[in-house]
Structures are given as C-alpha cells and as structure tokens.
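Subject: Structure handover

Hello,

Please find the structure below. My notes on what was found in it follow.

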Amino acid sequence: MSLPNTVTVNILGREYQVACPAEQEPELTAAASYLDRQMLNIRDQGKVVGLERIAVMAALNVCHELLRAPAQSSSTTTNEDSCAAVEQLTRKLETALNSLGKPGS
C-alpha cells in the first residue's frame, strides 16, 4: 500500500482535504460525489437545516442503504466488515465536520 496523499473533495460547495492512499483515490472521489448528491438532496428538500444535521441524515441514509443491500453470494463481506467500513467513514465525516469551524481548514 502506498503512502497517503492529500485529495481534495467537494461536498455541498465546500472543499475538504482528505488523506488517502493513491490506489484508493478513485473510490474516495466516488464516495465524496455520492455523499454530495445525498446531502444536496436532503438540503434541497428543505426539511433539515444546518450542515451538521444534513451530514448526519445523509450518513444515516447511506448506512441504511448499506445494511439493506442484498448480500451477494460470491462476496465474503460480513456484517462486521460492513460495520467497520461504516465506522471508518463516520470517523472521516466527523473529522471533516470538525474542521468546518476552524480557520484555515
């Protein structure tokens, strides 16, 4: 695995710098694009106000989709693996949200 490099992603019109191994950059940008669409949809519905609340709702929706996804017979991914992936994404989301109010972030 290569050393992490910094990737800039855009979510809800804001840029975020994320450390990511080069070989995982396409997946990170795809995930950021998907999250951006989810958050835009929630924001545009006008029922949820505030970036943090929008992010939490989007995270819950994505987790719900992940947990409802049909298990593929050829896949060896377990619920524990899925939960670990969701927890890792949640930590990244929390880090990004925490940097929102900090100057220079």
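By the rule used here, the count comes to one salt bridge, a salt bridge being a side-chain nitrogen of Lys or Arg within 4 Å of a carboxyl oxygen of Asp or Glu. This is a predicted model, in which local features need pLDDT of at least 70 and side-chain atom pairs count only at pLDDT 80 or more, while totals for chains, interfaces and linings use all residues. Residues are numbered from 1 along each chain as its sequence is written, and side-chain values use heavy atoms, with hydrogens and water left out.

The salt bridge joins D44 and R43, whose closest N and O atoms are 3.3 Å apart. Side chains of opposite charge can pair when their charged atoms come close. D44 is exposed, at 56% relative accessible area, and R43 is partly exposed, at 40%. Here buried means under 20% relative accessible area, exposed over 50%, and partly exposed in between (1.4 Å probe, protein chains only).

Overall, the protein has three helices and two strands, in the order β-β-α-α-α from the N terminus. These are DSSP runs numbered from the N terminus: helices are H or I with at least four residues, strands E with at least two. Of the 105 residues in the protein, 22% are buried.

Strands β1 (residues 4-11) and β2 (residues 14-21) pair in the antiparallel sense over eight bridges; pairing requires at least two DSSP bridges between the strands. V7 stands opposite V18 in β2. Two residues lie between the strands of this hairpin, where L12 takes a positive phi near 50 degrees.

Just after α1, G46 has a positive phi of about 75 degrees.

Finally, the second largest pocket. Its lining consists of C20, Q24, E27, L28, A31, A85, Q88, L89 and K92. A pocket is an open set of points on a 1 Å grid over the protein atoms alone, where a 1.4 Å probe fits, with protein on both sides within 12 Å along at least five of seven lines; lining residues have an atom within 4 Å of a point. Helices α1 (25-45) and α3 (79-98) each supply at least two lining residues, and α3 gives the largest share, four.

Regards
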